[in-house]
Amino acid sequence: MSTPESERRVVPLIEEAALAARMDGLAAEIAAVMPAEFTLVALLKGAFVFAADLTRALGRAGCHPRVEFMQLSSYGSGTVSSGVVQLHGPAPEGLAGRPVLLVDDIADSGRSLSFARRQILDGGASEVRVCALLDKPSRRVVPVPVDFVGFTVEDVFVVGYGIDYAEHYRQLPFVGVVE
Ligand code: 5GP
Ligand code: MG
């Protein structure tokens with residue numbers, strides 16, 4: 001199949017097999033710390049593929065989380081963050097008194113996770129732990145505790161495995177860098 005003009009070649013950074021292999025380890029780390037009943041809140045859209053794989057790995061680790069979603073925006077359609085995080089649509093309901101695992105694709109400046117964490121605490125969650133597939137610690141501007149990290153990466157702009165550039169590349173089974 002030919003590559004559409006709109007999508008350039010993507011050089012794999014984290015292969016499909018490495019992503020799959022990491023899921024059960026990550027789920028085991030989470031299962032060891034989280035109470036048996038918790039709500040997984042995934043940030044849309046970028047975390048949707050990760051959240052789907054992590055949810056099934058959590059099931060294999062003996063957890064049975066409730067699943068909720070929350071949509072934020074911080075990047076617009078470019079590669080440079082606007083620095084302004086907004087909530088699109090409703091805040092997740094039914095969090096009062098419950099422990100929450102907040103799941104995102106990438107911890108970059110930390111603004112999105114910090115904002116989402118505040119929303120969830122304002123919703124009455126009893127505790128919030130944070131899980132990011134990718135952590136870019138060198139990019140942090142706003143401090144936020146990232147309790148569970150899939151992979152620590154350098155300051156590179158990545159796509160794939162649910163993560164887009166202008167709505168492209170989400171379908172790639174690996175995380176990579178656009179050439
Ligand atoms: P933060 O609020 O931490 O600066 O940004 C986190 C969000 O920015 C991520 O959830 C993701 O949507 C976006 N982001 C951060 N780094 C990258 C990247 O390398 N590639 C893409 N496509 N999005 C990124
Ligand atoms: Mg995001």
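This report walks through a predicted model of a protein chain with a ligand, from the overall fold down to single residues.

## Ground rules

Because the model is predicted, local features need pLDDT of at least 70 and side-chain atom pairs count only at pLDDT 80 or more, while totals for chains, interfaces and linings use all residues. Residues are numbered from 1 along each chain as its sequence is written, chains are lettered from A and ligands numbered from 1 in the order in which they are written, and side-chain values use heavy atoms, with hydrogens and water left out.

## The whole chain

Let's start with the big picture. The protein chain has 3 helices and 9 strands, and from the N terminus on they run β-α-β-α-β-β-β-α-β-β-β-β. (Helices are DSSP runs of H or I with at least four residues, strands are runs of E with at least two, and both are numbered from the N terminus.) The radius of gyration is 16 Å, close to the 16 Å that the globule rule gives for 179 residues, so the chain is as compact as a globular protein of that length. That radius is taken over C-alpha atoms, and the rule is 2.2 Å times the number of residues to the power 0.38.

What about inside and outside? Of the 179 residues, 41% count as buried; buried means under 20% relative accessible area, exposed means over 50%, and partly exposed is in between (1.4 Å probe, protein chains only). The chain exposes about 8800 Å², with carbon and sulfur atoms supplying 52% of it. Such areas come from the Shrake-Rupley method with a 1.4 Å probe, and for residues only the protein chains shown count as cover. Among contacts (heavy atoms within 4.5 Å) with a separation of 6 or more, 71% join residues 24 or more positions apart.

## Around ligand 1

Which residues are the closest to ligand 1? They are D105, S109, S112, K136 and D164, out of 16 that surround ligand 1. To be near, a residue needs a heavy atom within 4 Å. By class, this shell has 6 nonpolar, 4 polar and 6 charged residues. (Ala, Val, Leu, Ile, Met, Phe, Trp, Tyr, Cys and Pro are nonpolar; Asp, Glu, Lys and Arg are charged; the others, Gly among them, are polar.)

Now zoom in on the atoms. An oxygen atom of ligand 1 is 3.0 Å from a side-chain N or O atom of D104, and a polar side-chain atom of S112 lies 2.6 Å from an oxygen atom of ligand 1. A nitrogen atom of ligand 1 is 2.6 Å from a polar backbone atom of D164. Taken alone, ligand 1 exposes 500 Å², and the protein buries 92% of that. Strand 5 (99-107) and helix 3 (111-122) are the elements that give two or more residues to the shell, and strand 5 gives the most, with 3.

S109 sits in the loop between strand 5 and helix 3. Why does S109 count as buried? Because its relative accessibility is 10%. Leaving out residues up to four places away in sequence, S109 touches R139, R140, V141 and V142.

V33 belongs to helix 1 (residues 16-33) and is partly exposed, at 40%. V33 and D147 are 114 residues apart in sequence, but 9.9 Å apart in space, C-alpha to C-alpha. V177, in strand 9 (residues 175-178), is partly exposed too, at 27%. Beyond its neighbours within four places in sequence, V177 contacts R9, V10, V11, L13, V156, F157 and V158.

How values were computed:
A polar contact is a pair of N or O atoms within 3.5 Å; within protein, one must be able to donate a hydrogen and the other to accept it, and residues adjacent in sequence count only if both atoms are side-chain atoms.
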